[in-house]
Amino acid sequence: MLKTFTKGGVHPPENKFSANAAIENLPLPKQVVIPISQHIGAPAAATVAKGDKVLVGQVIAKSSGFVSANIHSSVSGTVASLDAVLDSTGYKKPAITITVEGDEWLPEIDRSLELKKEFSFTTEEIIAKVSAAGVVGLGGATFPSHVKLSIPKGKKADVLIINGVECEPYLTSDHRLMLEKAHELMVGIEILKKALGVEHAIIGIENNKPDAISYLIKIASEYKGIEVQGLKVKYPQGGEKQLIKALINREVPSGGLPIDVGTVVHNVGTAVAVYDAVQKNKPLIERVVTITGKSLPKTGNFMVRIGTPISQLIEAAGGLPTDTGKVVNGGPMMGKALNTIDAPVTKGTSGVISFPEKEAKRVPEKPACIRCAKCVSVCPMGLEPFLLNRLSQRKIFDRLEAEKVLDCMECGSCSFVCPANLPLLDYIRLGKGEVNAIIRARKN
Amino acid sequence: MSYSIILYTVLMLSALGVVSAIILYFVAQKFKVFEDPRIDEVEAVLPGANCGGCGFPGCRGFADAFVKADDISTMFCPPGGNETFAAAAKVLGKEAIAQDPMIAVVRCSGSPEHRSRTSTYDGAQSCKIATTLFSGDTGCQFGCLGLGDCVVVCKFDAIYIDETTGLPVISDEKCTACGACVKACPKFIIEMRKKDPKGKRIFVSCINKEKGGVAKKSCAVACIGCGKCVKVCPHDAITMENNLAYIDYLKCKLCRKCVEDCPTNAILELHFPPRKPKVEVEVQPEKTE
C-alpha cells in the first residue's frame, strides 16, 4: 500500500516535462562565478588570490566553522577576481570568479565511471571525507552534510531515510539521477548507513515516478537493508518532517530535529555526492539541474559545473522564449524568481524554470480574508496561516512565537490555496524573521 | 402584609449596601496605589499622539518615565517640540534644554527617468518583504522601492508616495520628526536632519555606496563619490565614506557651494530662494539638459 503524510498537503499540477530526458553534460562555460556562501551556516573563507592557477576539485574557499562547507573550483583556470558579484537576488555577494582554461583535474580524483562498491572506512573517516568534499544537502536546503552525519552525544538513529520524493512540480533532476546512477546511489546509502551506524535504510519515492520505483526495487535487492517505498503524490512530501511521518509514522517534535525521533534524512543527490566524495575523492563540483518550462523549445536535465551562469543553461534549452515573464531558481512552489539570468548555478540549484508572462503574474489580491480556513486544512505543519499572516502584519510578535511560526517551513501551500490570493507566506516569512531576531536578542 | 415585605427588603438591602460600602472603603485604603499626580499633569501637556517617537510606549509611558527620571536631558518629545517639552519640564519644576527642530528627509532621487527598471515586482506590497526577496526593481540595490512602508507607519499623515517619481514626499508642515519612518525603512534611506527656521536644508539625496561608474550606470542622479563637494565645502562639513558623500548638518552653513559643484545633481537644496540662472526648489530637481 502507498503511504503518505497525514496533515494537510496540496496537489499542484505536476508538469514534469523533462522526466524522460537523460542527463547531459553541459559544455564548460568560459567563466564561472563561485559564491563563497552556497550553504546554510558561516560563509567559507577564500584561500586563493587573484591570478592563482587552479585545477578542477581544488579547494578555493575553506569551511570557517562546524556548520560551514568547503568550496572547490569546478573548473581549471585562473582566478580572475575575488570581488562581490550580483547574485540571483540582485544583491552583491562575495564570490570567486575563475576564467576557464582547459579541463585539468586534480590527480587524486578518480574520473572513471567504474562502480567502486567496497569500502573499509570508519565513521570518522567518512565524515572527514564528506566534510572535505564540501557536500551539502542537494535537495535545496544546502545544509552541510557532515553536520547531519555527526550525531550528537546521547542520541541514536535506527533508520536512514533517503529522500527521492521530488514533490516540487516541474523538477526531474532527482528522478533522472535515481534512474541513471542507481548503483552509485546504493553504495552512497551503504556509506551513509555505516557513518550513522544504522542497519536499515528506506528510500521514499512518489508514485508519479513508477519507473524509478520498480528499477530501484530491483537494484536494492542486491544490497542489504535497503528498502524502497512508494508514496502517494502530495506536496510537500519531500519536506523532512512530512517524509518521516509518511515512511515510519513518527512525528518530529516542534523545534526538534529528525534525530530526536531516531532518524536522519538525506536526499538522493546527496547520497550520490557522498559516494563520489568517499569512493572517488571527487568533491561537490557539479550537480544535476533541470531546465524546463512550458514554452521553452527544449527541456532537459544537465550535469552542470557549479558557478556556470544560468543563462548558459537556458541557451542549452534553446534560449528564452519571447513571452517569458519570470525565470525561477528552484521549484515553482518554493523557488525564487531570478533578478538576473547571469546569476550562477550553486550547490542548491535543483532546477531552473521559465514561466510565460500570463502564468508568471500573481493573481490580484481580493480585499480580505473570509476565514474559510483552506490554509489551515492544507498546512502540513498544522499551523494557522491566516492567523500568522494577521499577527505578522500587526506586529504582534510574542503571540506569533506562541503560535509556532518558527515551525513553518515555507512550503507555500497556504498561498497556493488561498481563494483571495493573499500573500500569506510573504507575511509569515517576514514574521519568522522578526521572531528569530527577537529570540537571538533574548539569548544575548 | 405585602407592604411589610417591601419594607423589610428595602431595609435589608440598604443595610447590606452600607456594610459593603464600609468594607470596601477600608479595603481601598489598605490597597491604595499611590500614583504621582504629576504624571497626569505631564500627560495633559503632551500632544497625545502616542506615536512612540520619544522611545516610550505612548504619551502615558513617556509621562511616567519623565516624572520618575532624575535627568531629563536625554528625553524629548519630537512631535511636541521645544514648547511642549518646556511645559512638561515646568510641571516638574525642571529646566528643559531646547533642541534643534528636526525633519525627516528621503535620501533617494531615483525617479523612473533616472533609474531604469530591470524587473517587475508584483508580490506583497511591503518594502520589508520585497527587500528580503530581492535588491529592487531597478539597477540600484540601495534605492527606494516605493512600496510605502514609511507611509503606513506615519501617524501624522506627513508622507505620501508621489505617483510620477514613485518616491516618498515628506510634508514640512505635518512631519513631527517622530522617527517612525526612519525605523520602518528597510533600506535606511530616510534620515532625521536639522530643520532650519525657514525649512532650508541641503543633503546628499543618495545612499549608493558603489564606485562611481557602477552607481552612475544604475542611476543618473546617484552620488558617484567624486569628492568635488568635499573639496569645495568651506566649512569642512562633508565627508566621503565608501564612495558616498555625507553632509554633517551640524557643520553645514547652507552656503550651497556643493550643490552647484555636484556633477550628478545628487545634492539637493530645499526651500531656498530661486537662483538666477537655474530654478531648483522642488524635491525632485528637473534636469535642464
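Buried residues make up 49% of the 444 residues in chain A; a residue is buried if 20 or more other C-beta atoms, placed from the backbone, lie within 10 Å of its own, exposed if 12 or fewer, and partly exposed in between. The model is predicted: local features need pLDDT of at least 70 and side-chain atom pairs count only at pLDDT 80 or more, while totals for chains, interfaces and linings use all residues. Residues are numbered from 1 along each chain as its sequence is written, and chains are lettered from A and ligands numbered from 1 in the order in which they are written.

**Chain A overall**

Chain A has 14 helices and 18 strands. Helices (H or I, at least four residues) and strands (E, at least two) are DSSP runs numbered from the N terminus. The C-alpha trace of chain A spans about 65 × 50 × 50 Å along its principal axes.

An automatic or database domain assignment supplies the domain bounds.

| Domain of chain A | Residues |
|---|---|
| domain 1 | 28–100 |
| domain 2 | 112–280 |
| domain 3 | 287–360 |
| domain 4 | 374–443 |

Between domain 2 and domain 3 of chain A, the C-alpha centres are 26 Å apart. Their contact takes 14 residues from domain 2 of chain A and 16 residues from domain 3 of chain A; two residues are in contact if their C-beta atoms, placed from the backbone, lie within 7 Å. On the domain 2 side, helix α3 (residues 173–180) of chain A gives the most, with 3 residues.

**Nonpolar cores**

A nonpolar core is a set of buried Ala, Val, Leu, Ile, Met, Phe, Trp, Tyr and Cys residues joined through C-beta atoms within 7 Å. The largest has 169 residues, and V274(A) and L313(A) have the most contacts inside it. Leaving aside neighbours within four places in sequence, the contacts of L313(A) include L26(A), V289(A), I291(A) and F302(A). A second, separate core has 14 residues, among them V45(B) and F76(B).

I238(B) stands opposite I247(B) in β7(B). The hairpin of β6(B) and β7(B) has 2 residues between the strands, and N242(B) takes a positive phi near 50 degrees there.

Where the chains meet, 13 residues of chain A are in contact with 12 residues of chain B. Helix α14 (residues 424–443) of chain A provides the largest share of the chain A side, 5 residues.

How values were computed: Pairing = 2+ DSSP bridges.
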